[in-house]
Amino acid sequence: MERRHISSGSPFEAQIGYSRAVVAGDWVFVSGTTGFDYTAMTISDNVVEQAEQCMQNIAAALRQAGASLDDVVRVNYVLPDGADFEACWPVLRKHLGTARPAAMMITAGLLDPRMKIEIEVTALKQR
């Protein structure tokens, strides 16, 4: 089975030793992705704007892998403040409403206190 690594160019990938995504056959495993704009290495203070940037970052990784957000079958959300989750629902529905993946939300601390949401997805490329 072919295994290919996808990079976003984020310095975190090299510093920590991981890939933005790994393609294994028709499966695409996208690492936990935060709201950083990796081209500018900036992050908004707003959780909804971070959720939007997360989805843009994930969509870019999926495109590099030959997949799309419509291929997502599983999503995990991690937020330090669970009360922030509902405000993100419209953004999440906009990007994943067609795929309607199985989902889980966890409240936990994130690496950088500026991070208000992290999203991880698994996709199965449609043939």
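1. Basis. This is a predicted model, in which local features need pLDDT of at least 70 and side-chain atom pairs count only at pLDDT 80 or more, while totals for chains, interfaces and linings use all residues. Residues are numbered from 1 along each chain as its sequence is written, and side-chain values use heavy atoms, with hydrogens and water left out.

2. Six strands form an open sheet in the order 1-2-3-8-6-7. The pairing is mixed. Strand 1 (3-6) and strand 7 (102-107) are the edges, and each pairs on one side only. From one strand to the next, the twist averages 10°. Helices (H or I, at least four residues) and strands (E, at least two) are DSSP runs, numbered from the N terminus. Two strands pair if DSSP finds at least two bridges between them.

3. Strand 8 and its partners. Strand 3 (residues 27-34) pairs with strand 8 in the antiparallel sense, over six bridges. Here tryptophan 27 has leucine 124 as its bridge partner. Strand 6 also runs antiparallel to strand 8, again with six bridges. In that pairing, asparagine 76 is the bridge partner of glutamate 120.

4. Strand 6. Its pairing with strand 7 is parallel, over six bridges. Valine 75 stands opposite alanine 103 of strand 7. Strand 6 is mostly covered, with six of its eight residues buried. Buried means under 20% relative accessible area, exposed over 50%, and partly exposed in between (1.4 Å probe, protein chains only).

5. Axes are lines fitted to C-alpha atoms, for helices over the stretch in contact, and angles run from 0 to 180 degrees between N-to-C directions. Contact means heavy atoms within 4.5 Å.

6. Nonpolar patch. Trp27, Phe29, Val73 and Leu124 make a nonpolar surface patch of about 330 Å². Patches take residues with over 30% relative accessible area and no salt bridge; like charges are joined within 9 Å, nonpolar side chains (Val, Leu, Ile, Met, Phe, Trp, Tyr) within 5 Å. Areas come from the Shrake-Rupley method with a 1.4 Å probe, and for residues only the protein chains shown count as cover. Leucine 124 sits in strand 8 (residues 118-124). Leucine 124 counts as partly exposed because its relative accessible area is 33%.

7. Aspartate 71. This residue is in the loop between helix 2 and strand 6. Its relative accessible area is 9%, so aspartate 71 is buried. Beyond its neighbours within four places in sequence, aspartate 71 contacts Thr122, Ala123, Leu124, Lys125 and Gln126.

8. Positive phi values. Most residues other than glycine have a negative phi. Methionine 41 has phi near 50°. Methionine 41 lies in the loop between strand 4 (36-37) and strand 5 (42-43), and is partly exposed at 31% relative accessible area. Arginine 100 has phi near 45°. Arginine 100 is in the loop between helix 3 and strand 7, and is exposed, with a relative accessible area of 69%. I would look at both backbones in the viewer.

9. Salt bridges. The structure holds four (a side-chain nitrogen of Lys or Arg within 4 Å of a carboxyl oxygen of Asp or Glu). One joins glutamate 52 and lysine 94, at 3.0 Å from N to O. That pair links distant parts of the chain: glutamate 52 is in helix 2 and lysine 94 in helix 3, 42 residues apart. Glutamate 52 is buried at 17% relative accessibility, whereas lysine 94 is exposed at 57%.

10. Other salt bridges. Arginine 114 meets aspartate 112 at 2.7 Å, N to O. Arginine 114 is partly exposed at 44%, and aspartate 112 is buried at 14%. Arginine 4 pairs with glutamate 2, with the closest N and O atoms 3.5 Å apart. Arginine 4 is partly exposed, at 31% relative accessibility.
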